[in-house]
Amino acid sequence: MIFGIGLLGYALSVIAAVLITSKTKEMKGMSSFAFKNHLVIFNYPGVGKIEHLFKELALDRSFDRHMAVVLVDEYLEELPAELLKMNVHYVRGNPVRDETLMRAAIDTARYAVILSRKEGDAVSDNLNVSITLAIEGRNSKVMTVVEIVDSASEELLRKAGCDKAVCMSRFGAHFLSQELLNPGIQEVIEDLLSAEKGQNMYLTEINDGTSFQEAAAHCRSRGHIALGIRTAKQVILNPEDSARIAPGDRIITVGPSRMKQT
């Protein structure tokens, strides 16, 4: 009996050691994953930025809060405790190499977000273009959003297959000029962009062939105000009531929550 208890205790200690080793390995970024339809974030600029990104995504009902998230970075020695609590997984390695991308399961990922490693450093754009090329070379179906410092990098990213590029310096210039001309406008824009605020801006697909007037009435019935139309080529704000909604066009609205696609 004593021998049996001792054997059980030994087995439990072995299991505990294996679990601890596995968790330590994952925190160090040494693990590989086999997720599907997940989010992969490239580059680690700091805990605050990633936490804020998650907070905004989680507030939108179109985003699956249970979606697996993998952080890829070449230099982060260990996953911060704050991100570990948010169930973020970590892969350490060169983000442009196939071995690293395979460990992050990029081939089956749904989203890829590439952050600037150093805020305000235009050199980081070169790395982000390279990462985009590596991702698109393996999985052209993944939705890729890339943060850039220099707006001139946007053309290269389009050629690399990037879906969307966000130039923070360009937005900063817009905010400065608008705040100068319309004091207080930055609070209005912040309210519209943040899912944490009361009213947000959304793009919603509406049945093609509908007029803007009909689409606006449909939006009002659901507590939204229609501002315009987002086509594949341009943004049309405050269009004529007779303007037609073409296939692939989306209505720009302001409302309390995302409307269902109609």
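Residues are counted from 1 along each chain as its sequence is written, and side-chain values rest on heavy atoms, with hydrogens and water left out. Because the model is predicted, local features need pLDDT of at least 70 and side-chain atom pairs count only at pLDDT 80 or more, while totals for chains, interfaces and linings use all residues.

Start with the rings. Rings of Phe, Tyr and Trp (its six-membered ring) pair if their centres lie within 6.5 Å; planes under 30 degrees apart are called stacked, over 60 edge-to-face, and the rest tilted. That rule gives two aromatic pairs. Phenylalanine 33 and phenylalanine 35 make a stacked pair, because their ring centres sit 5.3 Å apart with the planes at 10°. On accessibility (buried is under 20% relative accessible area, exposed over 50%, partly exposed in between, with a 1.4 Å probe and protein chains only), phenylalanine 33 comes out buried at 13%, whereas phenylalanine 35 is partly exposed at 22%.

The other pair is phenylalanine 63 with tyrosine 111, which is tilted because the centres are 6.5 Å apart and the planes meet at 35°. This pair ties together distant parts of the chain, 48 residues apart: phenylalanine 63 is in the loop between α2 (47–58) and β2 (69–73), and tyrosine 111 is in strand β4 (residues 111–114). Helices (H or I, at least four residues) and strands (E, at least two) are DSSP runs, numbered from the N terminus. Phenylalanine 63 is buried at 15% relative accessibility; tyrosine 111, at 23%, is partly exposed.

Phe63 also turns up in the lining of the second largest pocket, along with Phe54, Ala58, Arg65, His66, Met67, Val69 and Met86. (A pocket is an open set of points on a 1 Å grid over the protein atoms alone, where a 1.4 Å probe fits, with protein on both sides within 12 Å along at least five of seven lines; lining residues have an atom within 4 Å of a point.) By class, that lining has six nonpolar, one polar and one charged residues.

Now for the single residues. Serine 124 belongs to helix α5 (residues 124–138) and is buried, at a relative accessible area of 7%. Leaving out residues up to four places away in sequence, serine 124 touches Ser116, Arg117, Lys118 and Val149, where contact means heavy atoms within 4.5 Å. Threonine 24, in helix α1 (residues 2–27), is partly exposed at 39%. Its C-alpha atom is 18 Å from that of alanine 34, 10 residues apart along the chain.

Note on methods
Ala, Val, Leu, Ile, Met, Phe, Trp, Tyr, Cys and Pro count as nonpolar, Asp, Glu, Lys and Arg as charged, and the others, Gly among them, as polar.
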